[in-house]
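Here are my notes on this model, point by point. Please read them with the structure open.

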Amino acid sequence: MNLALNEKIRLKLESFDHKLLDLSCKQIIESINATQAKVVGPIPLPTKQRIYCVLRSPHVNKDSREHFEIRIHKRILDIYPQNINQA
C-alpha cells in the first residue's frame, strides 16, 4: 500500500445522541492508535436542529401547537496512516 504523505482518511460521524457519538470517537481513536497511525480529532461540527411544529388537535384550536426538535451532532476524524512503501 503506497500512500503519499498528504493523503488522509476522513471519517464523518453523525448521531442524535452526543454521548454515544463521543464514545464511538474514543473507541475509534483507541483502535487506530494501536496501529501507530496519527489521528487528528474529534473535531466538532455545528449541531443541526430540525424543529417540527405540530397541531395538537387536527380539527380545532389552530393556535394550540406543539414543537418537537431533532438535534444532529457531527464529528470529524482525520487519520494519517503510516507511510508503507513496498517495492
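1. Helix over sheet. Helix α1 (residues 18-33) lies across β1, β2 and β3, and its direction makes an angle of about 10° with β3. Lying across implies contact, meaning heavy atoms within 4.5 Å. Axes are lines fitted to C-alpha atoms, for helices over the stretch in contact, and angles run from 0 to 180 degrees between N-to-C directions. Helices (H or I, at least four residues) and strands (E, at least two) are DSSP runs, numbered from the N terminus.

2. Basis. This is a predicted model, where local features need pLDDT of at least 70, side-chain atom pairs count only at pLDDT 80 or more, and totals for chains, interfaces and linings use all residues. Residues are numbered from 1 along each chain as its sequence is written, and side-chain values use heavy atoms, with hydrogens and water left out.

3. The sheet. It is open, has three strands in the order β1-β3-β2, and pairs them antiparallel. β1 (9-15) and β2 (38-55) are the edge strands; each has a single partner strand, so one side of each lacks a neighbour in the sheet. From one strand to the next, the twist averages 15°. Strands pair if DSSP finds at least two bridges between them. The antiparallel strands β2 and β3 are joined by 14 bridges. Across from E69 in β3 stands I51.

4. H73. This residue sits in strand β3 (residues 65-80). Is H73 buried or exposed? H73 is buried, because its relative accessible area is 11%, and buried means under 20% (exposed is over 50%, partly exposed in between; 1.4 Å probe, protein chains only). Leaving aside residues up to four places away in sequence, H73 touches L13, E14, S15, F16, D17, H18, L21 and T47. With T47, the side chain of H73 makes a polar contact of 3.4 Å. Such a contact is a pair of N or O atoms within 3.5 Å; within protein, one must be able to donate a hydrogen and the other to accept it, and residues adjacent in sequence count only if both atoms are side-chain atoms.

5. R65. Strand β3 also holds R65. R65 is partly exposed, at 35% relative accessible area. Its C-alpha atom is separated by 6.6 Å from that of C53, twelve residues apart along the chain. Beyond residues up to four places away in sequence, R65 touches C53, V54, L55 and R56.
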